[in-house]
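This report describes one chain, residue by residue where that helps, and then as a whole. Please keep the sequence and the structure in view while reading.

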Amino acid sequence: MAQTKDIANTIYHSAVTTALAASYSMIGRKLIKFDVGDPSRADITEVLKLTIIISLATFTKDWLVNNKIIPADIVTKVT
């Protein structure tokens, strides 16, 4: 049963990080004309752009958890 808890929490954290990364990508594209780029291209500038977006999303998720705005885990115990 512990695996079910871990899977649920992993899906939750992935969804939060993905939503934040997509939001930052949309904001960057609309407001400051920052194109995230194509991840399939092996260009260092594309990798750096993606790294910035993912780092911002991870930092924001950690900040939201630390300030108790979102829960750290959605499944805390298995019954």
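T60 has its place in helix α2, in a model that is predicted. With a relative accessible area of 14%, T60 is buried, because the limit for that class is under 20%. Leaving aside residues up to four places away in sequence, T60 touches L20 and Y24.

## Helix α2

Helix α2 runs over residues 44–66 and has 23 residues. From its first C-alpha to its last, helix α2 reaches 32 Å, which is close to the 33 Å expected at 1.5 Å a residue.

The C-alpha atoms of T45 and A8 are 34 Å apart in space, while the two residues are 37 apart in sequence.

## The salt bridge

The structure holds one salt bridge. The side chains that meet in it are those of K61 and D62, at 3.8 Å from N to O, and this pair counts because the distance is within the 4 Å limit. Are the two partners buried or exposed? K61 counts as buried, at 12% relative accessibility, whereas D62, at 37%, counts as partly exposed.

## A21 in helix α1

A21 has its place in helix α1 and, at 15% relative accessibility, counts as buried. K61, the buried partner in the salt bridge, is 40 residues from A21 in sequence, yet the C-alpha atoms of A21 and K61 are 10 Å apart in space.

## A nonpolar patch

I27, L31 and I32 make a nonpolar surface patch of about 350 Å². One of these residues, L31, lies in helix α1, which covers residues 2–31. How accessible is L31? At 67% relative accessibility, L31 counts as exposed, because the limit for that class is over 50%.

## K68 after helix α2

K68 is found in the segment after α2. The phi angle of K68 is near 60°, a positive value in a residue other than glycine. K68 is also exposed, with a relative accessible area of 73%.

## The chain as a whole

The chain has two helices and zero strands. Its C-alpha atoms fill a box of roughly 50 × 25 × 15 Å, taken along the principal axes. The radius of gyration of the chain is 15 Å, whereas a compact globule of 79 residues would have one near 12 Å.

Of the 79 residues of the chain, 19% count as buried. The chain exposes about 5900 Å², and carbon and sulfur atoms supply 66% of that area.

Conventions
Residues are numbered from 1 along each chain as its sequence is written. This is a predicted model: local features need pLDDT of at least 70, side-chain atom pairs count only at pLDDT 80 or more; totals for chains, interfaces and linings use all residues. Side-chain values use heavy atoms; hydrogens and water are left out. Patches are made of residues with over 30% relative accessible area and no salt bridge: like charges are joined within 9 Å, nonpolar side chains (Val, Leu, Ile, Met, Phe, Trp, Tyr) within 5 Å. Accessible areas come from the Shrake-Rupley method with a 1.4 Å probe; for residues, only the protein chains shown count as cover. Helices (H or I, at least four residues) and strands (E, at least two) are DSSP runs, numbered from the N terminus. Buried means under 20% relative accessible area, exposed over 50%, partly exposed in between (1.4 Å probe, protein chains only). The expected span of a helix is 1.5 Å times one less than its number of residues. Contact means heavy atoms within 4.5 Å. The radius of gyration is taken over C-alpha atoms; the globule rule is 2.2 Å times the number of residues to the power 0.38.
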